[in-house]
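Please read these points with the sequence and the structure open. They go through the chain one topic at a time.

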Amino acid sequence: MTDRSGAQPPAGLYLHIPFCRRRCGYCDFYSTTNYQHMGERYFNALRKEILFRAPFWRNYIFDSVFFGGGSPSIAGSRLNDIVKTIRRVLNIMPDSEWTIEVNPEDITDKLLDAIQKAGFNRISVGIQSWNAHELTTMGRRATPDINERALHRLQQCNIENINIDLLFGVPYQTLQSWRTTLAQTLWFNPLHISTYSLSVPTSGPLQTKLNEGSFTLPETEDVRSMYILAIEMLKKNGIAQYEISNFSRPGYESRHNVHYWHADDYLGLGASASSFNRHEKCRRTNIADIEKYCTVMESGTYSDNVYTIDTLTDAILMREYIMLSMRLTDGLSLNHFMQRFGIPLTKIIPETQLREWKDNRFIILDDDRIRFTVKGFCVADTLLTEIFKLCDVVNTTHA
Ligand code: SF4
């Protein structure tokens with residue numbers, strides 16, 4: 001197991017806390033609801049994984065740490081021990097971004113105190129909607145009142161870098177209710193907003209209700225209008241789009257997520273977490289099963305009983321790089337692509353294709369960059385599928 005050798009540019013560190021008080025109907029992140037029984041055991045196992053893997057990442061310096069889930073806020077003061085272990089065995093830059101995801105219903109003065117004492121300087125809160133009916137349908141525990149109380153509390157703590165997560169395209173949502181959700185969110189003046197379009201997992205409670213005809217989803221055209229409304233409303237309020245789903249005031253872009261979109265290296269710890277190492281051309285993913293994860297860690301090894309390794313071919317790496325960079329409003333630098341992969345992008349996407357997308361106003365093309373327009377972002381999935389096919393052709397040709 002060699003994660004690394006040689007000095008590296010700053011990387012991201014992710015820790016997965018796979019516990020929720022209740023599962024939301026639309027969520028496909030790995031988490032369980034048995035924190036009561038497994039919490040302590042899991043945190044001990046996580047500490048062991050940090051210790052196992054730190055030596056292999058000793059040449060890295062991390063400038064972002066992200067506790068995601070699940071609901072890390074469920075763990076309260078238990079997080080402090082993990083933070084201390086990280087600081088002791090990994091190289092964390094002094095001015096790093098430390099983010100923790102929290103659920104509104106978990107936010108108490110005690111939790112905020114624990115978060116600040118642990119050294120977090122960024123909080124990402126899942127508000128999702130300000131409409132009671134929409135929240136209930138999605139299986140959220142928080143009501144608009146709980147959301148409001150949570151954000152008032154956050155405004156009073158010393159952490160100013162707050163992200164608010166929102167969802168659009170949800171059952172019963174209208175353009176008007178989405179406008180209200182955006183307006184109400186802006187009232188709290190957050191530095192960062194993420195707006196994700198709901199995608200219903202192919203199985204689970206939301207899909208069952210959809211199959212039963214208990215509700216319908218907004219039409220595709222209405223979902224597009226919601227997306228465009230978000231871009232326009234947030235921009236008018238000084239919160240600019242910098243990624244397909246992410247918006248911030250200048251200088252408050254999520255450093256951690258930008259690592260993903262730049263296809264930088266990252267270390268992921270905990271059940272279901274992935275790590276990426278571009279020099280070794282692999283992605284290592286821990287098992288999405290906390291019972292097995294804990295059992296293997298308790299056995300004193302970090303072995304392939306607990307992770308899988310995906311070897312990434314050049315075609316996969318190129319495809320991922322294109323897909324990730326094109327999510328950013330800055331788009332993809334043709335020079336960076338050339339430096340990274342040793343071939344020009346036009347070997348994959350023919351100039352005629354780029355010109356066609358440009359003529360259709362899906363992309364903007366200048367000397368060094370190719371980026372999606374708002375119209376392009378609206379159909380990004382279709383365009384990226386085309387790019388994937390072109391990458392596969394290159395791979396087959398070079399096989
Ligand atoms: S609280 Fe978050 S992680 Fe947990 S089920 Fe709901 S959306 Fe998923």
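1. Trp261 makes contact with Glu243, Leu324, Ser325, Arg327 and Leu328, leaving out residues up to four places away in sequence. Trp261 itself belongs to helix H9, which covers residues 255-261. Is Trp261 buried or exposed? Trp261 counts as buried, because 21 C-beta neighbours lie inside 10 Å and the cut-off for buried is 20 or more.

2. The average pLDDT of the chain is 93, and 97% of the residues score at least 70. Residues 1-5 have a pLDDT below 50, and this stretch has twelve contacts in the model beyond near neighbours in sequence. Where pLDDT is low, the predicted coordinates should not be read in detail.

3. The domain assignment of the chain gives two entries, domain 1 (11-260) and domain 2 (315-397). Their C-alpha centres are 29 Å apart. Where the domains touch, nine residues of domain 1 are in contact with eight residues of domain 2. On the domain 1 side, helix H8 (220-236) and strand E7 (240-243) each supply at least two residues. The largest share of that side comes from H8, with four residues. By class, the domain 1 side has six nonpolar, one polar and two charged residues.

4. The largest nonpolar core has 92 residues, and the members that touch the most others are Ile123, Val125, Phe168 and Tyr293. Domain 1 (11-260) and domain 2 (315-397) each give at least three residues to this core. As background, nonpolar side chains in soluble globular proteins tend to be buried together. One of the members named above, Tyr293, touches Ala45, Ala271, Asn286, Ile287 and Val306, with residues up to four places away in sequence not counted.

5. Phe168 sits in strand E5, residues 162-168. With 26 other C-beta atoms within 10 Å, Phe168 is buried. Which residues does Phe168 contact, leaving aside neighbours within four places in sequence? They are Gln173, Trp178, Thr195, Ser197, Leu198, Val223, Met226, Tyr227 and Ala230. Gln128 is 40 residues from Phe168 in sequence, yet their C-alpha atoms are 8.1 Å apart.

6. Strand E2 holds Gly68. Gly68 is buried, with 20 other C-beta atoms within 10 Å, so Gly68 meets the cut-off of 20 or more. Gly68 touches Tyr14, His16 and Glu101, not counting residues up to four places away in sequence. For His16, the separation along the chain is 52 residues, while the C-alpha atoms of Gly68 and His16 are separated by 5.2 Å.

7. Further along, Gly69 and Gly70 are joined by a cis peptide bond, with omega about 20°. Gly70 lies in the loop between strand E2 (62-69) and helix H2 (79-89).

8. Most residues other than glycine have a negative phi, and most peptide bonds are trans. Asn189 has a positive phi, near 55°. Asn189 is in the loop between helix H6 (175-187) and strand E6 (192-197), and with 14 other C-beta atoms within 10 Å it is partly exposed. Ala263 also has a positive phi, near 55°. The loop between H9 and strand E9 (266-269) contains Ala263, which is partly exposed with 19 other C-beta atoms within 10 Å.

9. The last point concerns helix H13. Why does helix H13 (residues 351-359) lie largely in the open? Helix H13 has nine residues and the number buried is zero, so the helix lies largely in the open. Just after H13, Arg361 has a positive phi of about 60°.

Technical notes
Residues numbered from 1 in each chain as written. Predicted model: local features only at pLDDT ≥ 70, side-chain atom pairs only at ≥ 80, totals over all residues. Core = buried A, V, L, I, M, F, W, Y, C linked by C-beta atoms within 7 Å. Buried ≥ 20, exposed ≤ 12 C-beta atoms within 10 Å, placed from the backbone. Domains from an automatic or database assignment. Contact = placed C-beta atoms within 7 Å. Nonpolar A, V, L, I, M, F, W, Y, C, P; charged D, E, K, R; others polar. pLDDT = per-residue confidence, 0-100.
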